[in-house]
Amino acid sequence: MKGIDDSIHLLWRIRLFGGPVLQDADGNDIRRFRSQRVAALLAYLCFHLGRPCGREEIAATLWPDDDEPHVLSNRLRFTLASLRRQLEPPGTPFGSVLDVASPGQIRLRAETVWCDVAAVEGALRSGDRAAAISLMNGALLPGFYDEWILEARTRFETLGESGEGQAYTFRAAGAMAPASPPRAPSPRLPLYLTRFFGRQTERWRLQDLIAENRLVTVIGTGGIGKTRLTVETAQDMGMPCAFVPLVDLSAPDQLPHSGLQALLTSPHPGIDATAQLVAVLARHGSFLLILDNADHLISAV
């Protein structure tokens, strides 16, 4: 029986620009994945096509809001199994596309997979910018808002930038809005070391909701960047605000103390902490309080 390396041939063409799209050997396009995390895993492996990727590194990238190793390991295992069912359907040798022979590592085989991102990178390394641009048929992974994807998307979108700073307009992408001028971060908001790109529609929508409602809840699957989106929107609005991280709180009665701490206020002995928090907020007038990771404290919130 022949081994995988004895019968190598191209099994998939993968497009991340305007995708993700899987194209099989017969030219059939597949756009549906079991979940967005399955598609994100495929994209991550495509960005490292042919190179082994550590499982822990992949899990931390796909689910940045989780820090429990057991949970991350299980999520990656289930997501990888779903991706394998799609890339290695019945009749396809196990490991012909996804190589897990090395302990703790996953590799998307460059022998059986072609990907437009890898082709673009190869063209850039060879100095053929025109060929690289011709391969970028649309925005990179539209609808994905992982921070690493947003950074890569911006890098590719500015690939054709000229000396005058005029951005190249891609065929299937809309005109890029000019970058916002740098803002001084609020001392009560988390500080990020990377620039935030994209999601302008969501930011405008969130601003409108905050302006019109006393309570706004941002809901979505883990890892899509809810916290970063909210913090950046708060910075855009320029109103007084404070950030209250709740992920480590185990009891509802701890919430008002955390709120006071975020407002740089010490609890007064003998005074109900909730009443004190309400009084402090009232003195601030128009104020935005961001309660992050509040799922397990809904009643207290």
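**Core first.** I started with the largest nonpolar core of this predicted model, which has 47 residues. A nonpolar core here is a set of buried Ala, Val, Leu, Ile, Met, Phe, Trp, Tyr and Cys residues joined through side-chain atoms within 4.5 Å. Buried means under 20% relative accessible area, exposed means over 50%, and partly exposed is in between (1.4 Å probe, protein chains only). Ile-14, Leu-16 and Leu-108 touch the most other members. Helix H1 gives the most to this core, with 10 residues.

Not counting residues up to four places away in sequence, Leu-108 touches Ile-14, Leu-42, Leu-45, Cys-46, Leu-49, Gly-50, Leu-87, Val-97, Leu-98 and Val-113. I also noted a second, separate core of 14 residues, which includes Ala-242, Val-244, Ala-273 and Leu-297.

**Ground rules.** The model is predicted, so I keep in mind that local features need pLDDT of at least 70, side-chain atom pairs count only at pLDDT 80 or more, and totals for chains, interfaces and linings use all residues. Residues are numbered from 1 along each chain as its sequence is written, and side-chain values use heavy atoms, with hydrogens and water left out.

**Helix H1.** Helices (H or I, at least four residues) and strands (E, at least two) are DSSP runs, numbered from the N terminus. H1 covers residues 36-47. I checked its length: the expected span is 1.5 Å times one less than the number of residues, and for these 12 residues that gives 16 Å, in agreement with the 16 Å between the end C-alpha atoms. 11 of the 12 residues are buried, so H1 is largely enclosed by the rest of the structure. Among the buried ones are Arg-37, Leu-42, Tyr-44 and Phe-47.

**Thr-79.** I looked at Thr-79 in helix H3 (residues 69-87). Thr-79 is buried, with a relative accessible area of 8%. Leaving aside neighbours within four places in sequence, Thr-79 is in contact with Arg-37, Val-38, Leu-41 and Trp-63.

Two strands pair if DSSP finds at least two bridges between them. 4 strands make an open sheet in the order E3-E2-E1-E7, with mixed pairing. E3 (29-30) and E7 (113-115) are the edge strands, each pairing on one side only. E2 (residues 21-24) pairs with E3 in the antiparallel sense over 2 bridges, and Gln-23 has Asp-29 in E3 as its bridge partner.

Helix H4 (residues 116-125) lies across E1 (12-15) and E7, at about 65° to E7. Axes are lines fitted to C-alpha atoms, for helices over the stretch in contact, and angles run from 0 to 180 degrees between N-to-C directions.

**Ala-119.** This residue lies in H4. Ala-119 is partly exposed, at 21% relative accessible area. Not counting residues up to four places away in sequence, Ala-119 touches Trp-114 and Leu-135. I also looked up Met-136: Ala-119 and Met-136 are 17 residues apart in sequence and 9.8 Å apart in space, C-alpha to C-alpha.

**E8 and E9.** E8 (residues 241-245) is mostly covered, with 4 of its 5 residues buried. E8 and E9 (residues 288-292) pair in the parallel sense over 5 bridges, and Phe-243 stands opposite Ile-290 in E9.

**Totals.** I count 10 helices and 9 strands in the protein chain. Of its 301 residues, 39% count as buried.

Conventions:
Contact means heavy atoms within 4.5 Å.
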